[in-house]
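Dear colleague,

I am handing over the structure we spoke about, and my notes on what was found in it follow directly below. Please read them with the coordinates open.

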Amino acid sequence: MIRDSLKLLLRMALGRYNKIVYQNAEFLRNGVYKVNKTGTIVYLEDRYDISNILASNMFDIKYNKVNLGITERILKKFFIPLQTDNKRIQGELVLLTSSKQEYKIFDYTNNYVLTVFSDYESFKNRKESMIYYKRFFPMPTIYNFNDKKRYIIEELVKFKKIENTRNNFKKILYYYFSYFQYCKENNQVEYIKISNLKPDRRYRFIEKLYESFSRDEVNCEVPFVRMHGDLWKSNVLLDENLDLKIIDWERSAVFPVFYDMFTFILNEVTLNKNQELLDEFLNGSYDDVLDEYYKIFNLQYDKENKKFYFKVFIMMMYRDRWTDCFEKCEKTIKDFMECNRLL
Ligand SMILES: Nc1ncnc2c1ncn2[C@@H]1O[C@H](COP(=O)(O)OP(=O)(O)O)[C@@H](O)[C@H]1O
Ligand SMILES: [Mg+2]
């Protein structure tokens, strides 16, 4: 009795990790759990190997050190006392993200990933997005959407490191052909004039990008459709059969048709220090692909003016995700654009 009350008190004092582990005991294997230094991964003590596998394709674990609170620092270990038999999900690792209202539980024994949402709205959006895209893009098999408990169960991909980035990138670009075709045939396209994309006046750099457009360019129309919105290497998993699975569709929104392609290229340069895709783009290796994309929308892609498309992309990136934090990445973007003569 006293032990139980003590346990309860302890549980209350332990903070976010412990709370999440206790709340999800029904999905976790019994045992002692630890939390990694950055506070993003809680894992079963003897599955340290797993947390490393996961970390290998994740940017934030390697770079962003989160300062843990004092209680978390002291109590890096805790015990799950609940004994539930016949669990369908035997999770061994929980992945937490600070910004989002969700977390993931990984079951490496039965190969399940459970994504749990704390609010219904994000669950609903994610569900809708996954159902929409799975017709066009390869993604992990979805086993279950639980509307009541707001979770999604999908296949756990035993992914390996992508060595040949170029080939796999090309493969991804091909999936967009039939998707764009669908958008066109179902009137899911918006043709937007650059003059309608005029950015706010907060940052001189972004303003200058817009001002650098010629009169013709300002009148140019760009096809916008719903896109992934966060396509980069960490969101592409290479499975055991060397097939690709695209994950993380939650930033999906209406963007120019080259947005995903350029997001991937930009992140390769700035986050993965890999210049090869950008060089290929600038050398014209993707002219054919872009030309095909544009043709689907009955427009002409101007391969002589690659800078124009990239500048539009940067303006859209600013509008979607850098609006309130541009001072943090301004220098990186400016240097990137200058170094690669994209201005
Ligand atoms: N179905 C899956 N199979 C294997 N690993 C996965 C799966 N879904 C996600 N992951 C792992 O979890 C990480 C984070 O998942 P993700 O959906 O991209 O969320 P975030 O928005 O935090 O990036 C991925 O980079 C990958 O390492
Ligand atoms: Mg991701």
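Strands are DSSP runs of E with at least two residues, numbered from the N terminus, and in this sense D107 has its place in strand β5, which covers residues 102–107. Please keep in mind throughout that this is a predicted model.

To stay with D107 for a moment, this residue counts as buried because it has 21 C-beta neighbours inside 10 Å, where 20 or more are required. Leaving aside neighbours within four places in sequence, D107 is in contact with I89, Q90, G91, E92, Y112 and L156. One of these, I89, is 18 residues from D107 in sequence, while the C-alpha atoms of the two are 6.4 Å apart in space.

Turning to the helices, α8 (residues 204–211) and α13 (residues 306–322) pack at an angle of about 145°, with their axes 10 Å apart, and α8 passes α13 in a left-handed crossing. On the α8 side the contact is made by I206, L209 and Y210, which meet K311, I314, M315 and Y318 in α13. Sorted by class, the residues of this contact are six nonpolar, no polar and one charged.

Not counting residues up to four places away in sequence, I314 touches L209, I333 and M337. The C-alpha atoms of I314 and I206 are separated by 8.4 Å, although the two residues are 108 residues apart along the chain.

Finally, there is an open sheet of three strands in the order β9-β10-β13, with antiparallel pairing. Its edge strands are β9 (190–193) and β13 (253–256), each of which pairs on one side only, and the twist averages 40° from one strand to the next. Between β9 and β10 (residues 221–227) the antiparallel pairing runs over four bridges, and here Y191 stands opposite P223 in β10.

How values were computed. Residues numbered from 1 in each chain as written. Chains lettered and ligands numbered in written order. Predicted model: local features only at pLDDT ≥ 70, side-chain atom pairs only at ≥ 80, totals over all residues. Axes fitted to C-alpha atoms, helices over the stretch in contact; angles between N-to-C directions. Left-handed = near helix turned anticlockwise from the far one by under 90°. Contact = placed C-beta atoms within 7 Å. Nonpolar A, V, L, I, M, F, W, Y, C, P; charged D, E, K, R; others polar. Pairing = 2+ DSSP bridges. Buried ≥ 20, exposed ≤ 12 C-beta atoms within 10 Å, placed from the backbone.
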